[in-house]
Structures are given as structure tokens and as C-alpha cells.
Amino acid sequence: MSDTPAEDCLFCRIVAGGIPATVVGETEHSLAFRDIEPAAPTHVLVVPRRHVPDLAALAATSADELADLVGLAAAVADREGVPGYRLVANTGAAAQQSVFHAHLHVIGGRDLTWPPG
Ligand code: AMP
């Protein structure tokens with residue numbers, strides 16, 4: 001699994017405020033901001049403030065931070081008023097992960113088909 005040093009990590013720079021983002025929620029451990037290329041009317045990324053490369057690494061190192069991440073994702077979806085939503089964690093380049101800092105995509109606001117492509 002690829003990793004990115006925190007100093008070169010896009011999402012670490014957003015968490016630190018060095019790159020602007022449209023923040024829609026935050027907790028002590030997590031930050032939620034709108035995806036720059038939305039795939040749906042609601043498309044928010046929820047990231048841990050701490051740099052870990054993917055969701056499995058977050059789960060392996062802190063169940064509390066994982067629960068905080070999922071809780072913030074659910075709170076954001078609730079505030080967006082979508083009737084249902086999808087949480088997506090692309091894991092690994094073969095699954096289209098492009099930023100190697102753990103994140104959940106919160107996707108909703110349109111009909112979502114299954115299975116995803
Ligand atoms: P993934 O491909 O699962 O690693 O998701 C990375 C996501 O980050 C993609 O959906 C991108 O559109 C999104 N993204 C890339 N740069 C930014 C940025 N500066 N602000 C917000 N979202 C971004």
C-alpha cells in the first residue's frame with residue numbers, strides 16, 4: 001500500500017488550513033469538506049486529522065478515531081437532508097484511491113445504483 005509523507009499530503013495540508021476547502025463539519029479528530037469534483041449533489045470527504053494512509057490503517061490504530069470519522073460522516077449526511085447516502089472508502093490504487101490519506105466519501109442527493117462501477 002502506498003503512503004505519502006504527511007508534509008506532502010494534500011489532505012494534511014487542507015487539515016492544516018494551507019489549502020482552502022469548503023468545510024462543512026469538524027470534530028476534534030476529523031474534518032469534513034466538499035469534494036472538488038463532486039460526483040453527486042452531496043459529495044463530502046471526511047478525513048481524520050491524523051495522517052494515516054487508508055481506512056484500514058485508521059481502524060488498526062484507533063477505534064475511537066474511526067468511530068469519530070463515521071459519526072461525522074453520518075452527521076454531515078443528516079444535515080444535507082439526503083434520504084439515503086453511500087459511504088465509500090476507495091482503498092488502494094487498483095480501487096481508484098488517489099489520495100493516500102484515509103477518507104470517506106459521503107455521496108448522496110441522486111439515485112445511486114448498485115453495484116457501483
Ligand atoms: P480517492 O480517489 O478515493 O482517493 O478520493 C480523492 C478525492 O479527493 C477525489 O474525489 C478528488 O476529487 C478529491 N480532491 C482532490 N483534490 C481536492 C481538493 N483540493 N479539495 C477537495 N477535494 C479534492
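## The largest pocket

Lining the largest pocket are 30 residues, and Asp-35, Glu-37, His-43, Leu-45 and His-105 lie nearest its centre. Here a pocket is an open set of points on a 1 Å grid over the protein atoms alone, where a 1.4 Å probe fits, with protein on both sides within 12 Å along at least five of seven lines; lining residues have an atom within 4 Å of a point. This is a predicted model, where local features need pLDDT of at least 70 and side-chain atom pairs pLDDT 80 or more, while totals for chains, interfaces and linings use all residues. Residues are numbered from 1 along each chain as its sequence is written, and side-chain values use heavy atoms, without hydrogens or water.

The pocket's volume is about 630 Å³, meaning the space filled by probe spheres set on the points, which are joined across faces, edges and corners. Helix 1 gives the most to the lining, with three residues.

## The ligand and its shell

The ligand sits in this largest pocket, as more than half of its atoms lie within 2 Å of the grid points. Of the 16 residues around the ligand, Asp-35, Asn-90, Gln-96, Ser-98 and His-105 come nearest; a residue counts if one of its heavy atoms lies within 4 Å.

## Polar contacts

Polar contacts are pairs of N or O atoms within 3.5 Å. A polar side-chain atom of Asp-35 is 2.5 Å from a ligand oxygen atom, and a side-chain N or O atom of His-103 lies 3.0 Å from an oxygen atom of the ligand.

Note on methods
A polar contact is a pair of N or O atoms within 3.5 Å; within protein, one must be able to donate a hydrogen and the other to accept it, and residues adjacent in sequence count only if both atoms are side-chain atoms. Helices (H or I, at least four residues) and strands (E, at least two) are DSSP runs, numbered from the N terminus.
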